[in-house]
Amino acid sequence: MELIDLYKSDRLESDGYTWDRLTPDETSAFAIACDVVIAESSSQFGIRDPLGRSADLRFLTERFLYPIARRQLSSRAFLVRSTLFDKPQTANWAVPWHQDVTIEVVERHDIAGFGPWSMKDDIVSVQPLAKVLQNMLTLRLHLDPADAENGALLVEPGSHLHGKLRIQDIVPTEPLLCSCEAGEILMMKPLLFHASNRSTSGHPRRVLHLDFAYEQLPHPLVWRSQG
Ligand SMILES: O=C(O)CCC(=O)C(=O)O
């Protein structure tokens with residue numbers, strides 16, 4: 001299928017995504033801090049909690065990305081999860097079409113509408129009610145140019161409006177490619193259908209992926225990380 005470049009929408013609510021960007025200096029400050037985290041990590045795939053590993057990244061995020069998240073989501077927005085993705089030739093993978101339907105919490109409490117639960121590396125994850133996900137926003141800061149060759153994200157505009165679907169029902173009809181420059185920030189609703197292909201080029205594709213919320217979870221559930 002020929003991939004068509006994404007229209008850089010400013011209609012977050014209806015399209016499920018929108019864009020912003022950092023300056024080249026801001027972007028290279030993030031890239032330097034992320035490279036330290038990558039060099040110190042043994043993970044070849046997504047690095048969990050890069051902000052927990054780097055005071056520099058926490059500082060930069062607070063200064064440059066919180067204002068963007070607060071403008072788009074809520075003045076009360078806070079960070080609930082961070083991940084750092086690359087697609088180097090040595091650890092290259094395709095991500096099938098999905099929605100982001102899990103959140104991380106401090107510990108399990110059985111509450112109606114929350115489940116299934118899972119535990120990996122001592123982290124408790126759960127699928128919350130759709131309304132929790134609808135009130136979240138993901139920021140993906142691109143540290144390298146991304147295109148069809150190095151596994152840029154694919155999204156289906158407007159698909160977040162279908163609510164939380166079973167994986168077999170996540171079938172895109174008009175997927176678009178999120179080609180972008182270094183420094184561009186794709187902001188998307190977690191329920192937007194998305195996927196990415198394997199990289200076929202030697203170019204890196206570092207992305208700092210940050211999830212924000214602005215509401216506490218129903219008592220006694222607590223977000224695992226809350227910055
Ligand atoms: O960065 C990617 O290629 C995919 C990441 C993703 O799909 C996710 O975090 O849900």
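The model described here is predicted. The peptide bond leading from His219 to Pro220 is cis, and its omega is near 5°.

Pro116 belongs to the loop between E6 and E7. For background, most peptide bonds are trans.

## The Six-Stranded Sheet

Strand E14 is also part of an open sheet of six strands, whose order is E2-E12-E9-E14-E4-E3. The pairing within this sheet is antiparallel. Which strands stand at its edges? They are strand E2 (17–21) and strand E3 (47–48). Each of these has a single partner strand, so one side of each is left without a neighbour in the sheet.

E3 and strand E4 (residues 78–85) are joined in the antiparallel sense over two bridges. Within this pairing, Ile47 stands opposite Leu84 in E4.

## The Three-Stranded Sheet

A further open sheet contains three strands in the order E6-E8-E7, and its pairing is antiparallel. Its edge strands are strand E6 (103–105) and strand E7 (117–120), each of which pairs on one side only. On average, neighbouring strands of this sheet are turned by 35° against each other when direction is ignored. As a general rule, the side chains of a regular strand alternate between the two faces of the sheet.

How many bridges link E7 and strand E8 (residues 123–126)? These two strands pair in the antiparallel sense over four bridges. Two residue pairs illustrate the arrangement: Ser118 stands opposite Ser125 in E8, and Lys120 has Ile123 of E8 as its bridge partner.

## The Turn between E7 and E8

E7 and E8 form a hairpin with two residues between the strands. Asp121 lies in this loop between E7 and E8. The phi angle of Asp121 is near 50°, which is a positive value in a residue other than glycine. For comparison, most residues other than glycine have a negative phi.

## The Ligand and Its Surroundings

The surrounding residues are Phe85, Lys87, Val95, His98, Asp100, Arg140, Leu153, His194, Ser196, Arg205 and His209.

For Asp100, a polar side-chain atom lies 2.7 Å from a ligand oxygen atom. In His98, an N or O atom of the side chain is 2.9 Å from an oxygen atom of the ligand. A polar side-chain atom of Arg140 lies 3.1 Å from an oxygen atom of the ligand. On its own, the ligand has 290 Å² of accessible area, and the protein covers 92% of this area.

Definitions and conventions. Residues numbered from 1 in each chain as written. Predicted model: local features only at pLDDT ≥ 70, side-chain atom pairs only at ≥ 80, totals over all residues. Heavy atoms only, no water. Pairing = 2+ DSSP bridges. Axes fitted to C-alpha atoms, helices over the stretch in contact; angles between N-to-C directions. Near = heavy atom within 4 Å. Polar contact = N/O pair within 3.5 Å; in protein donor to acceptor, adjacent residues only side chain to side chain. Areas by Shrake-Rupley, 256 points an atom, 1.4 Å probe, with all protein chains shown as cover.
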